[in-house]
Amino acid sequence: MTKTLTAKPITLDLAGRTVSTWGYGDAVPGPLLRATAGDFLRVTLDNRLPDETTIHWHGLRLRNPADGVPGMTQDPVKPETSYVYEFTAPDPGTYFFHPHVGVQLDRGLYAPLIIDDPNEPGDYDTEWVLVLDDWIDGTGTTPDEVLEKLLANDSGSGGMGGMDHGEMDGMNQGAMDEAAPWGDAGDVTYPYFLINGRPPADPETLTAKPGQKIRLRIINAASDTIFTVALGGHRMTITHSDGFPVEPTETDAFYIGMGERYDAIVTLEDGAFPLVAKPVGKTSGGQAMALVRTGSGAAPAADANPRELTREVLVGSDLRPVQAAKLPSRTPDATTRLTLNGSMQPYEWGMNGAPFGENEPLTVQAGQRLRINATNMTMMTHPLHVHGHTFALPSGLRKDTVLMAPMQSFAIDLDADNKGDWLIHCHNIYHAEAGMMTALEYT
Ligand code: C2O
Ligand code: CU
């Protein structure tokens, strides 16, 4: 597959409001890229932005030079220059891509990437790709200004004082979502939440026939928002988590953290239904919504609140892997520790006790099974993301991004089968930029 992506400033129409932002091509999300497992991809990034950028292929176990991390796997791509990404996509699944420079992701630079399974035709009539986002740009405030403001929100401790205790003093208790185990998960106030670049006042309409079986591929490209996803009047059967097959699990709703992807099958009823992604713990900005229509009936309101949203909300890490997707059982050759540290006030985030650049990288030798004992030592939820590898939770569930609740600990195992220098970071883009990253290095 050969393709050129142009990153450039664009304007968008959000339900009648024209906003200026950055995108891949002319729309947000950018164009869907699609290939088959084992395919070789050659994608040229043509940078027409006024800033340097890169592309990171989120979740793919690809060759290190194509991973898109400036200063680690490549030099940043300067304005008016281009860069060619060449890699093989080994595993089928639902992925996406975005820059790995600053908080550019929050400007709208993201698009879905689907790797098809040549051996699995898929038992459904059609599929819909749904990309969730929290939208801030075009409101007069850029994501970079938001980050600056968050970083300035510093009571002056300097250093990492208090980090090991993750103090948050319940300052955002009011915004906590009763139904969620997560507590606070984001710091940024967004004016809109979007599905496929559309706000609920002008939702994307997905049409099909009653009784049709749809594969939903849901991608959370938000920078700072966990969502609860439900389709009014329907149960969903989750079939894949971060691209990997799971034991099919029926639910009314599920949580999806930043950087996570879930695939679900639904059999559609007759009528018009809201597909809602409700931000967890955020009280302004409404919600994200698409309209599913198989028959007549009034379109749901922009604030539609299907009862499925709160009845039974599945936590992705409770899913069980299918046997074929499990890592072969093996005793770890090496064990290491990873702590997530920080606090919102002062706005300081780090891993292993220090921000990125000051913390020690995790190290591994090629061929080892590495066990990482991870602990979230903060009072917020963080999506933990590992580049270039997938990891197994204690249940065997394979993921590349996993939500860690406040003070939660668990071990993740990975096989060191992809040489290079890789990032491990929180997929809250603001936390990552403030230092909640570390490296995984092969020695
Ligand atoms: Cu989407 Cu470094 O990640
Ligand atoms: Cu975080």
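This is a predicted model: local features need pLDDT of at least 70, side-chain atom pairs count only at pLDDT 80 or more; totals for chains, interfaces and linings use all residues.

Residues are numbered from 1 along each chain as its sequence is written, chains are lettered from A and ligands numbered from 1 in the order written, and side-chain values use heavy atoms, leaving out hydrogens and water.

**Exercise 1.** Find which residues coordinate the copper ion (ligand 2).

*Solution.* Start with the donors (N, O and S atoms within 2.8 Å of the metal, or 3.2 Å for Na, K and Ca; water is not among the atoms, so sites may look incomplete). You get His-382 (ND1), Cys-426 (SG) and His-431 (ND1), at 2.0 to 2.1 Å. Next, read off their spacing in sequence: H-x43-C-x4-H. Then check burial (buried is under 20% relative accessible area, exposed over 50%, partly exposed in between; 1.4 Å probe, protein chains only). Cys-426 comes out buried at 1%, and His-431 is buried at 0%.

**Exercise 2.** Work out whether Asp-242 is buried or exposed, and do likewise for Met-407.

*Solution.* First, the backbone: Asp-242 has a positive phi of about 50°, and Met-407 has one of about 65°. Neither is a glycine. Now the accessibility: Asp-242 is buried because its relative accessibility is 0%, while Met-407, at 45%, is partly exposed.

**Exercise 3.** List what Lys-3 touches beyond four places away in sequence.

*Solution.* Using contacts (heavy atoms within 4.5 Å), you find Leu-33, Arg-42, Val-43 and Thr-44. Finally, compare distances: Lys-3 and Thr-44 are 41 residues apart in sequence, but 6.3 Å apart in space, C-alpha to C-alpha.
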